[in-house]
Every structure is written in structure tokens, then in C-alpha cells.
Amino acid sequence: MTAVTNVLLAGVGGQGTILAGKILAEVLRRKGHDVKLSEIHGMSQRGGSVVTYVRFGEKVFAPVVEQGEADFLLAFEKLEALRWAPFLRSQGGVVIVNDEIIQPLAVNLGQAAYPHDVVGRLQGPGRLVIVADGAAMAAQAGDTRTQNVALCGVLARQMVAALRGDWQAVIATMVPPKTVEANLAAFGLGWEAGGRVGQDQALLVGRSL
Amino acid sequence: MTEAAAALAPRVTVLLSGNEAVARGAWEAGVLVASAYPGTPSTEILENLAAMEGVSAEWAPNEKVAYETAFGGCLAGVRSLAAMKHVGVNVAADPLFTSVYTGVNGGLVLISADDPGMHSSQNEQDNRRYAPFARLPMLEPADSAEARDMATLAFQLSEDLGLPVMLRLTTRVSHSKSLVELGERRVPAPKAYRKDPAKYVMVPANARVRRVDLERRLERARAAAEASPLNRVEWASGSEHRAAGATSSAGAAGARHLGVITAGIAYQYAREALGDGASYFKVGMTYPLPIERIREFAAQVDDVLIVEELDPYMEEAIAAAGVRPRSGRPAVGKAVLPAIGELSPARVRRGAQLAGFLPGLPDPVAARADAGETAVVPEADPAPALPDRPPVLCPGCPHRAAFWVLRRLGAVITGDIGCYTLGAAPPLSAMDSCICMGASITVGHGFAKAQERLRALHAVGEANEANEANEADKADKADEANEADATGGDTPSKPVIAVIGDSTFFHSGITGLMNVVYNQSDVVTVVLDNRTTGMTGHQPNPGTGVTLQGVGAPVLQPEDIARALRVPFVEVVDPNDAAAFEDTLRRALGSGGPAVVVARAPCVLLRSVKPKKPYRVDAAACNACRACTRIGCPAIMFTGTRVEIDRSLCRGCAACVALCRQNAIREEGVDL
């Protein structure tokens, strides 16, 4: 069978994972790939754990990614990165994790502990773990709601699936008209940050120093 | 509103979800009347159709209304559809079962979007069973391109066969995007409407004739299934994954040791898992099943594996028809594949291994879970050691404020379907039951009637047996004791409060309320009126004053309906005002008869609702007692040493303020 690339976008309902997944899928479609995207709506929207699967290649059958098969994991929240990490390939894979903690209710109630050392636990053989400061990039872009597109920028640079201009063209048509400028700025910051990453090390990118 | 697929030009290839594709396909087929009640995973079908040119697209109050509206459109001679989630078909089942007797004039399509795995549902019933039960043809797409094609074909099939046609989707088809090449809209000439009581008036004498005619039409449907290009064979091109001991049969036509019979999303999983190591019979028209073509396929392979999600629907029919592969061994299905939850490529792989069709032995833990022997479903819980993140009521949600008061009353709270069902979860834990749409009021009524009878038994002192039953009941409930249990001694006299949302009240709460008045119970109905259909994403309803297509409509108020139903106690109150809400509830409970309290506060996610100033915790005054966290607000965070309010999440509802005995929660910028 022909190679299929598997991407997971994980986060908390309301963080904009669904739009990020749609942008990614549309970029890949325009590059001529067969693409499938799968997401779960409904109950999971209300602050629950959410995941979007994107698969692309010459021919894609199943719309879902399975454990041990993801090439890329873009996590909008640290606990969610850990939750979905078993979906990454046992060898290699790229994790981009937003430097953001959203405590689940059980933690707020003191009934469960938020996991320690998330970034350390994400490491694996041949795996690249990138910690990105989405909030800082979004703030610099002038709109705190552009975190998802800033993180897309980091992913875009790492995926090497399309040129910067390909992404910009799609973003401009898919975000609300009033937010195009801020979203493109956020994407640019993510793209630049994604280019400053070395190999096999946890890096913090996106924070303006 | 989701992207309007209609704005897109024909012959362009685009990424569409299954729901967007169904809307597009129906639109291209010239659908003129469409009705639905929102429900995950079906909601986007009507939202997309509403944005397309030339369609009457409506939110109905419930699915029965939606299906009957579509039937009316079909009777008038135009192509019509109704869309709903799987459990919605239960509500629409009454007209459905008789509409197959009458048959159609214009094409009529029922779209059922099932939810295997219960991502957003109270059950995972397999609605394919409805097709043979009600006797209507069924199509099952496996991706968005097929969803578009089948939505178009279904109307033609309906008119050709004189039967409504069911298009059965599942969550993974509805909510997955894949490539679709768009076509043009062609509205066929409407069928002439001709008064025909023998066909459309289903009194017994006419129905008996139509019952026989139905079998003739089904015979034609069987022939159509045998001839349909929607049912196709994909012969294997390679011979990988050969099972040890299987007879060699790889020839020019490819590997024929294993034939897989599959439909819907399960086809994708089977292709992913078994690749070119098997040949496939991909069933697109799943009722009537093309059983002769399946027999022919089976006769050309050594073994047959039936890969279908949920029930052994095809497996039973194939077994009943005596279909066997050329080895003579029986076809294998649910013996190795789970009948509970969603399938996946991994589950199909494990099933094929268990059956000996793939080399290797499956992971025993996962295989046992697949077989339903353990509660753990590995795919759904990849990292069980981590804290869960279930959906929660949003910060500022008026339902939270309402439940905080409701849970203090020591009442039995019968619940319903909507965002407010989340009030059943800890820490609010303010719900005793949730069955289906509208069941809060009716279940509450039955509970109250039972208590009435039990009290009567107590009163005449002949209730020794009833007492024992009551003791057992109390023991069961002992560990879930409410804060202020109002159970009065040995007498079963818990107050009963039915909690229902505005959209659910319009859906099927009104008849239940009528029953409370007619048969006189003291159930207090609380309508949590947040002015929208929240859980499914803010669809308008009869209380909002606007339709799906943005046209103004009269605003129907639950309190007006309650008064029209002669409910003696009807009041409207803002649940964010805890003292007023509690006072109203206590007076309603004390009124001794049917009562309705409309708790009116708009959903905070509505654009018209502007957040108030956020609150903060005065670190000096906070003693970290965490009393405020018991209200279950995501904006209130316990950091391990103290409590903080996330100002980016806080909507300023102030529901937490009264919980703090230290008076440490204050509006931003306000000090003592």
C-alpha cells in the first residue's frame, strides 16, 4: 500500500482545533493529495478533550488514525499532548505542544493531579518534541484567538507538505474576514518559530525575547 | 452556519463532510422540501441545505413532525427529505411504518445518522434494523463522495420503486471530510398531485390492499438491489497476508482465499486493515441485500469475513440465505468482531487474526475488550492514567446556577436531553434519570404517581411488603445521599422535579405536561429556557422568534403554553438570581399541584450575551477551603495551594460568590 501521512490535532473544546484541521486538510487537497479528516462534535465541544484526525497520501481509506501510527501530533494543551501521545509512531514522529495548561475539572476539584514533566514524558526514540508558546505568538499577532493558526504555522514548517504561500492562501479564505490580517501574522510567527528548531531536543519556540 | 456547499461551482472537487455532501447531493437531485430536528451527528445536513438556493429547509419541533412534513411534500409531488439522528427515527417511526404502505408521489428520503460508540448519544441502536422492520430500501455510503451520490440516487430510487428510501449514515461518515466532485442541480418536473384515497388514506380496508402491494414493490426493490452498481466486487490484486494452510488460489484474478463482505465506514476499515490481501464485496444498497450476488461472490472465495459495525445485520441475513464460501465453511463475522462500539482498522485486523485469516495472534487484552468481555475499550482510552476531561457546563452557564439551587431541595430530579444533562455529572450530581427527549416530565409524573400509591398503602397500614421494598430502595440510595435529603421518615414523599430545556420542551415535553395536568400529579416542571438549542450548536427553535432560514416567526413562550394547558402555578424567574429561583421553586413545590417554573437566562455562548466583568479571588482573604470549586466551574482553578479564577474564562456570572465564606471572591477592580 502507498504511504499515508497521519496527523493528529488534539486539544480542549473551544481551542480551535477543528478550524486548524480544516485549514490543514484544504492545503493538502490543493496540493493534489487524497485527504480525509475526521472529527467528533457534540458533547465533546463543551470543554472536553477533542481530537481531529487528518490523513493524506495517494489513496486514503480509513478517516481515523490509530495508536502507533501518527507522524505528527499538534497538541493545543499539554495534558492533551500526553493523552494522545500513544498514537505517535514508536520510532520518530513530531510533537508540537502548546505551552498551555487547562486544568480539567477533576484537577480543579483536587480529585486528580495534573501530570508533571509533560515534555519529558513526550520524548521518544527519534522523536522531535517542540514546545510552542501559542499565546505569546497570538498576542504578538494582535488577537489572542489566533493561537490555533500560530500553532498551524509551526506544524506547517515541520511538515514540509506545502509552501508558506499555499498556507497563507487557504488561511485567508477560511478564517473570519475581520481576522485575516491577525491570523496571517500569527501564522507567520509560527512558521518562523518552526524554522528555528533543531533535532531531537525539546525546544521552546514562539516566545519573543 | 457551516460552509455553504451550494456556493461552489459544479465539476470542482472539494473537501466536504458526509453531512455537507448529503445536503449537496439532495440539492443536486432537486429536493424542494426538507425538515429535521437537530441532533448529533445529523445537524449539519439541514444547516447546509438551508443555505442553498430554492429549498424549503426547516427545523421541526421534533422528528415525527419533520418526517410528516417531508411526507406532505412528497404527497404534493416534489422531492422531499427528513434528517435526524438515530434515536430521532424512533420518534418518527409511527409515520415511517405506514408511509411505506402508501408509498410516494415525489421522491421521499429519510436520513438516519447513527452514532456507534455513543459520542453524543444515549444509546447506539443500529438503525439498519429499521429497513427490514419498516420495509424500506436503504443505502449506506462509506465516504463523502458516496454520500453525495447516494443522496442523489435515493430520490430516483424512491420514485422508481414507489417507496421512501433510507440513507443511513454514521458519525464517522457524517463528520469526516473527503473529496467530492460537485454536480449541477436538476429539479425534475413535479409529479402531478391526484386525489387517491385508496393509496393515501390508510384506513384498514385500504391498508390491507397496500400491505399486499408493498410486497410487490419490495420484490422490485430486491431486483434493483441485485442490479445496483452501488453493490460492487473489488477483486484482490495481490496475495499478501496468506493464512497458513489456506488453499492456494491466487490466479490471474488475484488472491481469492478471503472474501470480505462489508458496508459503510466498515468498508474503509476493512480496506485499511486487510489491503490487497482480500477481495471485497462492497454493499452500498444494504436493504434489500443483493443476496444472489453475495452468494455468487462467496462461491468464488475460500472464506468469508463479514465486516460491519454494531449488529450482525448482514451476517444474519447471509446466514439465513444459506450463503457459504466455496470451502463450505460458514461465514465469520461477530464471532471475531465486536458488536459494541465503533470498529477500527485495528479491530478488523484483530478479528481477522482471531479467525486465522491474518498471521499472528491478537493482543489478548484488546481482543477480550473487542469481544465485550471487559469494559475497557482500548481505542477510546489510550492513556488511562491521566485525568479525564469530560465535557462540562461552560463558565457562566445559567444551568450551573440552576442546578446549584435544585440540588439543595432534596428532590428526585428527572432529567432530559441537552447541555443541562451535564448537570448529572459531579460535582453538581443533580439528576436522577435521563432516558430520551421529553422523558423528564413523564417519568417524573410516573414517579409521583407511584409515591401517591405508596403513601396510600402506608396510610391504611397494610404495607408490610411495600415497606420492605422501600427499605431496599433506601439502602440502594444511601451512598448517594443528597445534601439535604427531604425524605420524610418512612413515607415516600420526595418532591419530584422534572428538568427540561426549551427546545426539548417544544420537542416532546408539552404532551407530558398536558398529562401532568390531566392526570393530576404534583410534579414541578422546570424549563431551563436558555433561548436556543444549545448542545447541538445554537439552532433556532419555536421559542427564538426566527427560523432556520432566518425568517422571523412568532415567539412561543413555555409559560404561555403552560398557562394554556391550565397549569395552576406558572412563574418565570432568572436562575442566576439564586435567592429568587429558590423561593420560586419552594413555592411551586408547596403549591400541591402541577407547577411550571421557567428558569429563563440566555446561553452565554449566544452572541447577544456580553460577558460581565470577571471575578477574582483575593489571595489574602482565601483560606483555600475550596468550597467554591464545588459548583464545578472550569474557570475556578485549584492550584494545589490556593484557588484562582481564570479571568480569560470567567464570564462574571457570580454564581460562585455566595459559596465563599471568607468573602474572598470579588469583581475585578473591587476591594473590600
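User: Why is the pair Arg349(B) and Glu66(A) called a salt bridge?

Analyst: The term asks for a side-chain nitrogen of Lys or Arg within 4 Å of a carboxyl oxygen of Asp or Glu. Between the side chains of Arg349(B) and Glu66(A) the N to O distance is 3.8 Å, which is within the 4 Å limit, so the pair qualifies. As background, side chains of opposite charge can pair when their charged atoms come close. Please keep in mind that this is a predicted model, in which local features need pLDDT of at least 70, side-chain atom pairs count only at pLDDT 80 or more, and totals for chains, interfaces and linings use all residues, while side-chain values use heavy atoms, without hydrogens and water. Residues are numbered from 1 along each chain as its sequence is written, with chains lettered from A and ligands numbered from 1 in the order in which they are written.

User: How many salt bridges does the rule find across the interface of chain B and chain A, and how many polar contacts are there?

Analyst: The rule finds four salt bridges across this interface. Polar contacts join 18 residue pairs there, with both residues at pLDDT 80 or more. Such a contact is a pair of N or O atoms within 3.5 Å; within protein, one must be able to donate a hydrogen and the other to accept it, and residues adjacent in sequence count only if both atoms are side-chain atoms.

User: Which elements of chain B give two or more residues to the side that touches chain A?

Analyst: They are S1 (13-17), H7 (171-174), S8 (176-181), H10 (265-274), H13 (345-354) and S20 (636-638) of chain B. The names follow DSSP runs numbered from the N terminus, helices being H or I with at least four residues and strands E with at least two. H10(B) gives the most, with six residues. By type, this side of chain B divides into 28 nonpolar, 15 polar and 13 charged residues. Here Ala, Val, Leu, Ile, Met, Phe, Trp, Tyr, Cys and Pro count as nonpolar, Asp, Glu, Lys and Arg as charged, and the others, Gly among them, as polar.

User: How do you know how much area chain B and chain A bury between them?

Analyst: Buried area is the accessible area (1.4 Å probe) that two parts lose on being put together, summed over both. For chain B and chain A the value is about 4500 Å², 59% of it on carbon and sulfur atoms. Counted by contact (heavy atoms within 4.5 Å), 56 residues of chain B meet 50 residues of chain A.

User: What makes S2 (34-39) of chain A and S8(B) a strand pair?

Analyst: Two strands pair if DSSP finds at least two bridges between them. S2(A) and S8(B) have two bridges and run antiparallel, so they meet that rule. Within this pair, Ser38(A) stands opposite Ser176(B).

User: Why do S9 (232-234) and S13 (303-307) of chain B count as edges of their sheet?

Analyst: The open sheet has four strands in the order S9-S11-S10-S13 (chain B), with mixed pairing. S9(B) and S13(B) each have a single partner strand, so one side of each is left without a neighbour in the sheet. Neighbouring strands are turned by 20° against each other on average, direction ignored. H10(B) packs on this sheet, touching S9, S10 (258-263), S11 and S13 of chain B, and its direction makes about 150° with that of S10(B). Axes are lines fitted to C-alpha atoms, for helices over the stretch in contact, and angles run from 0 to 180 degrees between N-to-C directions.

User: Which strands stand at the edges of the seven-strand sheet?

Analyst: That open sheet runs S3-S2-S4-S5-S7-S6-S12 in chain B, again with mixed pairing. S3 (56-59) and S12 (285-287) of chain B stand at the edges, each with a single partner strand. S12(B) is joined to S6 (138-139) of chain B by two bridges, antiparallel, with Leu139(B) opposite Met285(B). H6 (144-161) of chain B lies across S4, S5, S6, S7 (165-170) and S12 of chain B, at about 160° to S7(B).

User: What is omega for the cis peptide bond between Tyr287(B) and Pro288(B)?

Analyst: Omega is about -10° for that bond. Pro288(B) sits in the loop between S12 and H11 (291-298) of chain B.
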